[in-house]
Amino acid sequence: MIEIECGSGNVFADIGAADPEEMLVKAQLAAKVAEIIEARKLKQAEAAELVGLTQPKLSGVLRGKLRGVSEAKLLDCLRRLGRDVQIVVGPARRQAEPGRLEVVMAR
């Protein structure tokens, strides 16, 4: 019999990766970049020029190689692809624990 374990919702945390919240955010942003490029039927070279990355760097991002690519750069890629990007800082929490970091995509 195979044992199944429920994940936390963040695969990077589940596998013990360093900075799991940051990695999840980057993965979500990169997935949106890939989705837009695919929907616009852009070739990688065209998309790379549009977003300000080299073609090899964009290729890596589209394959999930996100080390060395900042969240700010991924947000800039989305902006250059014609998407509005908003950063919202929520109200203070009652407890002294850190706040959450999450990506919310508009429909």
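1. The largest pocket holds about 960 Å³ of space. This is a predicted model: local features need pLDDT of at least 70, side-chain atom pairs count only at pLDDT 80 or more, and totals for chains, interfaces and linings use all residues. Residues are numbered from 1 along each chain as its sequence is written, and side-chain values use heavy atoms, with hydrogens and water left out.

2. How is a pocket found? A 1 Å grid is laid over the protein atoms alone, and a pocket is an open set of points where a 1.4 Å probe fits, with protein on both sides within 12 Å along at least five of seven lines. Its volume is the space filled by probe spheres set on the points, which are joined across faces, edges and corners.

3. Which residues line the largest pocket? There are 26 of them, and Q86, V88, E102, V103 and V104 lie nearest its centre. A lining residue has an atom within 4 Å of a point. By class, 15 are nonpolar, 3 polar and 8 charged. Nonpolar covers Ala, Val, Leu, Ile, Met, Phe, Trp, Tyr, Cys and Pro; charged covers Asp, Glu, Lys and Arg; the others, Gly among them, are polar.

4. Helix 2 (20-39) and helix 5 (71-80) each supply at least two lining residues. Helix 2 gives the most, with 4 residues. Helices (H or I, at least four residues) and strands (E, at least two) are DSSP runs, numbered from the N terminus.

5. Helix 2 also packs against helix 4 (residues 55-62), at an angle of about 110° and with the axes 9 Å apart. Helix 2 is therefore roughly perpendicular to helix 4, a label for angles of 65 to 115 degrees. Axes are lines fitted to C-alpha atoms over the stretch in contact, and angles run from 0 to 180 degrees between N-to-C directions. A30, V33, A34 and I37 of helix 2 meet L58, V61 and L62 of helix 4. The contact (heavy atoms within 4.5 Å) has 7 nonpolar, no polar and no charged residues.

6. Look at K32, in helix 2. Is K32 buried or exposed? K32 counts as buried, because its relative accessibility is 14%. Buried means under 20% relative accessible area, with a 1.4 Å probe and protein chains only. Leaving aside neighbours within four places in sequence, K32 is in contact with L78, R83 and M105.

7. Now the whole chain. Of its 107 residues, 24% count as buried. The C-alpha atoms fill a box of roughly 45 × 45 × 30 Å, taken along the principal axes.

Conventions: Angles under 35 degrees count as roughly parallel, over 145 as roughly antiparallel, 65 to 115 as roughly perpendicular and the rest as oblique. Buried means under 20% relative accessible area, exposed over 50%, partly exposed in between (1.4 Å probe, protein chains only).
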